[in-house]
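Reader: I'm new to reading protein structures. Could you take me through one part slowly, the place where the chains meet and the charged pairs there?

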Amino acid sequence: MKGTQLGRPVEILLVEDNPGDVELTREAFQEARLLNHVSVARDGQQAIDFLRRAGPYARAPRPDLILLDLNLPQRHGYEVLKEVKRDPGLARIPVLILTSSQAERDVAESYSLHANCFVSKPLEVEEFLSVVKSITEFWLAVVRLPLGDETRA
Amino acid sequence: MHLPENEKTGVLVVGGDADQAGFLTELLARVQGAPFRVHCVERPPIARERSAQGGIDAVLLILPASSALARDAVQELRAQAPRAPVLLLAEREDEALAARLLRAGAEDFLVRPQVSGPALARVIRWAIERHRLREVAVAASREFERQRKERRRAEEVLNNFFVLAVEPLCIIGFDGRFRCLNPAWEALVGASLQQLMETPFLELVHPEDRGATAEEFRQLLAGAQTRAFENRCLAQDGSARWLLWKAASSPEEKLVYAAVHDITVRKQAEEALARSNAELERFAYVASHDLQEPLRMVASYTGLLARRYRGRLDERADRWIAYAVDGARRMQELIHDLLAYSRAQAEAGVLKPASLEAAFDTAVGNVRAAVEETSATITHDLLPTLAARPGQLVQLFQNLLSNALKFRGQDPPRIQVSAQPQGDHWLFAVRDNGVGFDPQDSERIFQLFERRHDKRLYPGTGLGLAICQRIVEAHGGRIWAESGRGAGATFYFTLPALEEEAAA
């Protein structure tokens, strides 16, 4: 397993309601051979609770990276994105929109809500695996991020 | 009116005996300056011949003995020499006879014993003057009557058109009340003209359009012209009709003249089209998520199966998985292309000046893999900037290039893209040296799902050219293709030039 700048497993929050995609993404992380720990939120509300450490998520880790789908039950992906970017304690966490939408307006809206990048889920499995691999590598190994609020972790 | 000064006044003396005629001739000859030329005839019929020769300005009728004959004689003379006044000369005063003969058309009644030379001369001159003035007055009044009739006829013609007009016409006072409406309004509104005349014009307008209509009306009163103002009018049954107004005001009359065109059908079609486009867009959005989602699962997991388990089951399992993977992939292509096809129209939006050169470069970049794989060469003219949607132009070029690369012949593909300005549009041609198509299929190839070749040799959804057609048509152009089998194919399309270019 590859290390990262952090010297510990990467904390990833995957906000995804489709179990097929959850497993596919986990496979991709595995193929990327990235030392990671993935938490999964099945809907927008869960994601927000997780990030706020509300209710059952009191001991939730602070993610280093958020992979966010847009079409989510309960609260739309945009709302999760807004919550993250509005909260000074969370705003610096890179949020990667990973969605099946290819609509221009979703791309535009995501960036205007300060998403860090927007990726349409590739149709081919090979591509999916390699995209997940490269985006996580890019954000976790290549890009220098400000040191996270480790005291909260 | 004046007589020519150097000409003598011609007086025709009719009737009487030689004495009487001689007396009159003598009398007039003695008038100072001898301004009269006197002709004498015995009877009216001869007078006609004489007056026809011209030079007769007045007729002096010496009254015959019988007053009954006198009346006939006056009328006969009036008819024979209508331009000359008829004066009567009697031997004695006779009020009743004078009145009767004046009514019959005589100009004056003189009594011989009372007449002196100068007096007779004055009377004749005045009679001529009066007579001519009367002629002028009669002519003027006839002319006036003729013109009045002509005006009335012209008004009738206009009124006939006003009444016949299929489209509503009206005159509105500056106070906003109708002054005049043609019957087309009855059909439009479903109310009688009487009712309409009593309704203030603004009350006929749909409440939502009243503000804009009142403003337009104000501008009309200020002297502006209304060329194409649209609003809705309320019909009696509660329905709304869309109207297109053309109007002008007449400040002197304080009237507004308006012609109206009922555009309800066009508006409804436009609304229906907008609705259908919006629905199509919603469908496209739903399809891009909800249709793709389960399919992506099938494709991803069959793909993952193929990846992880190839060779670990048996050969048949590998083959079956390959079929599933291939089927899912083709389904994805279809959905993708159908979306592109529906978007080509749904994403109407505004056309903005866009560089075709940039769109072409992007398209070439998108097909780079196929270009390298087939050792193709692509050449192109410098492409213009046109009013367009750049994304669609990329797709257009990309589809045409892919097409040329796909249907290549034995030799490496050579694709040549040319562009020529032609008046108000540009003509583009994408020429290849590939297998071409049967000329009789030149229209069919643009239809949805139409595939010209063997599916196994030439994979694809059969949507590429249909998408091209939609894009070109959505840009206001035309697309067609020419080929002989085995002789390569040329795809032509036109796009409107930018306006300043077309004007140049």
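This is a predicted model: local features need pLDDT of at least 70, side-chain atom pairs count only at pLDDT 80 or more; totals for chains, interfaces and linings use all residues.

Author: Happy to! A residue is called buried under 20% relative accessible area, exposed over 50%, and partly exposed in between.

Now to the place where the chains meet. Chain A brings 22 residues to the contact and chain B brings 17. Together they bury about 1,800 Å², 45% of it on carbon and sulfur atoms. Ser100(A), Leu123(A) and Val125(A) supply 29% of the area chain A buries against chain B, more than any other three residues.

Side chains of opposite charge can pair when their charged atoms come close. Across this interface there are five salt bridges. Glu31(A) lies in helix H1 of chain A and Arg307(B) in helix H9 of chain B, so the pair joins two chains. Glu31(A) is partly exposed at 25% relative accessible area, and Arg307(B) is partly exposed at 32%. Glu31(A) also forms a salt bridge with Arg308(B), where the closest N and O atoms are 2.8 Å apart.

Chain A and chain B also share seven residue pairs in polar contact. Helices H1, H4 and H5 of chain A each give two or more residues to the side that touches chain B. H1(A) has the largest share, six residues. By class, that side of chain A holds seven nonpolar, six polar and nine charged residues.

Conventions: Residues are numbered from 1 along each chain as its sequence is written. Chains are lettered from A and ligands numbered from 1 in the order in which they are written. Side-chain values use heavy atoms; hydrogens and water are left out. Contact means heavy atoms within 4.5 Å. Buried area is the accessible area (1.4 Å probe) that two parts lose on being put together, summed over both. A salt bridge is a side-chain nitrogen of Lys or Arg within 4 Å of a carboxyl oxygen of Asp or Glu. A polar contact is a pair of N or O atoms within 3.5 Å; within protein, one must be able to donate a hydrogen and the other to accept it, and residues adjacent in sequence count only if both atoms are side-chain atoms. Helices (H or I, at least four residues) and strands (E, at least two) are DSSP runs, numbered from the N terminus. Ala, Val, Leu, Ile, Met, Phe, Trp, Tyr, Cys and Pro count as nonpolar, Asp, Glu, Lys and Arg as charged, and the others, Gly among them, as polar. Buried means under 20% relative accessible area, exposed over 50%, partly exposed in between (1.4 Å probe, protein chains only).
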